Amino acid sequence: MQALKRLVFWTSIAAIACWVIIALFGKLIPLEIKIGKSGDFHQLFVFYGLQTAVLFTLSGTLKKTDRKKPLLIKVGLTVVAAFFAAFIAFITVFSGMCSWSTDRTLFEYKDSPGTQIILRRKGCGSDQKIYPIYKTCKVVYITSDLFWIKDIDTNQIDKSLWKRIPLREKF
């Protein structure tokens with residue numbers, strides 16, 4: 001039973017640490033993940049898994065020898081931490097409502113079709129006189145759902161290395 005408690009505690013700590021590291025690196029490096037069906041698991045983890053992991057840390061902090069006051073303080077602090085995690089998750093998910101999407105592909109690298117220059121659009125899904133923001137980016141597709149993205153100025157590129165993609169009419 002003691003080994004199970006330790007396993008639950010350290011698994012919870014690892015899950016919390018992974019979430020914090022992924023959140024920090026997501027802001028620092030230009031690596032993006034296409035959210036779609038595969039993003040459903042991420043949303044569930046942020047909403048339920050993180051708070052559950054915080055609550056499961058009680059399995060490693062509560063001791064049978066604890067007196068009533070330290071026991072209540074530990075439980076209270078853990079519940080406050082779980083509510084804080086829920087608040088952060090709420091903000092994180094709703095801040096992602098406005099997202100970047102590919103408007104169209106402008107150029108493709110001649111030697112590597114997985115490297116493209118695209119026009120991206122940031123919109124919030126509302127047509128209430130809020131105009132989208134546009135920017136030009138270089139995208140290197142690592143997989144179909146994972147890509148490295150960086151802002152680029154198309155006036156500064158060597159046009160002999162890039163193939164222009166003609167504009168296609170949308171019907």
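## Pockets, strands and a core in a predicted model

Q: What's the volume of the second largest pocket?
A: In this predicted model, the second largest pocket has a volume of about 230 Å³.

Q: And which residues line the second largest pocket?
A: The lining is made up of Q2, K5, R6, F9, W10, S59, G60, L62, K63 and K64, and by class these divide into three nonpolar, three polar and four charged residues.

Q: Which element gives the most to that lining?
A: Helix α1 does, with five residues, although α3, spanning residues 58–61, also belongs to the elements that each supply at least two lining residues.

Q: Staying with α1, where does S12 sit, and is S12 buried or exposed?
A: S12 lies in helix α1, which covers residues 2–28, and S12 counts as buried because its relative accessibility is 4%, below the 20% cut-off for that class.

Q: What is S12 in contact with, once the sequence neighbours are set aside?
A: Leaving out the residues within four places in sequence, S12 is in contact with A53, F56 and T57.

Q: Let's zoom out: how many helices and strands are there, and in what order do the elements run?
A: The protein chain has four helices and six strands, and from the N terminus on they are arranged as α-β-α-α-α-β-β-β-β-β.

Q: How much of the chain counts as buried, and how much area does the chain expose?
A: Of the 171 residues, 19% count as buried, while the chain exposes about 12900 Å², of which carbon and sulfur atoms supply 66%.

Q: Which residues form the largest nonpolar core?
A: That core has six residues, namely L106, F107, I117, L119, I157 and W162, and strands β2 (99–109) and β3 (115–123) each supply at least two residues of this core.

Q: Pick L119, then: what does L119 touch?
A: Not counting residues up to four places away in sequence, L119 touches S101, T102, D103, R104 and L106, together with Y134, K135 and T136.

Q: Where is Q116, and why does Q116 count as buried?
A: Q116 is in strand β3, and Q116 counts as buried because its relative accessibility is 14%, which is under the 20% limit.

Q: Which residues is Q116 in contact with?
A: With neighbours within four places in sequence left aside, Q116 is in contact with T105, F107, E108, C137, K138, V139, Y141 and W162; F107 and W162 are also members of the largest nonpolar core.

Q: And R121, what's the accessibility there?
A: R121, also found in strand β3, has 28% relative accessibility and therefore counts as partly exposed.

Q: How is R121 placed relative to D103?
A: The C-alpha atoms of R121 and D103 are separated by 5.9 Å, with the two residues 18 apart along the chain, and D103 is one of the residues that R121 touches, the list also including S99, W100, S101, P132, I133 and Y134.

Q: Last one: where is S144, and is S144 buried or exposed?
A: S144 is found in the loop between β4 (133–141) and β5 (146–151), and S144 is exposed, with a relative accessible area of 54%. The C-alpha atoms of S144 and G114 are separated by 9.4 Å, the two residues being 30 apart along the chain.

Conventions: Residues are numbered from 1 along each chain as its sequence is written. This is a predicted model: local features need pLDDT of at least 70, side-chain atom pairs count only at pLDDT 80 or more; totals for chains, interfaces and linings use all residues. Side-chain values use heavy atoms; hydrogens and water are left out. Buried means under 20% relative accessible area, exposed over 50%, partly exposed in between (1.4 Å probe, protein chains only). Accessible areas come from the Shrake-Rupley method with a 1.4 Å probe; for residues, only the protein chains shown count as cover. Contact means heavy atoms within 4.5 Å. A nonpolar core is a set of buried Ala, Val, Leu, Ile, Met, Phe, Trp, Tyr and Cys residues joined through side-chain atoms within 4.5 Å. On a 1 Å grid over the protein atoms alone, a cavity is a set of points where a 1.4 Å probe fits but cannot get out, and a pocket is an open set with protein on both sides within 12 Å along at least five of seven lines; lining residues have an atom within 4 Å of a point. Grid points are joined across faces, edges and corners, and a volume is the space filled by probe spheres set on the points. Ala, Val, Leu, Ile, Met, Phe, Trp, Tyr, Cys and Pro count as nonpolar, Asp, Glu, Lys and Arg as charged, and the others, Gly among them, as polar.
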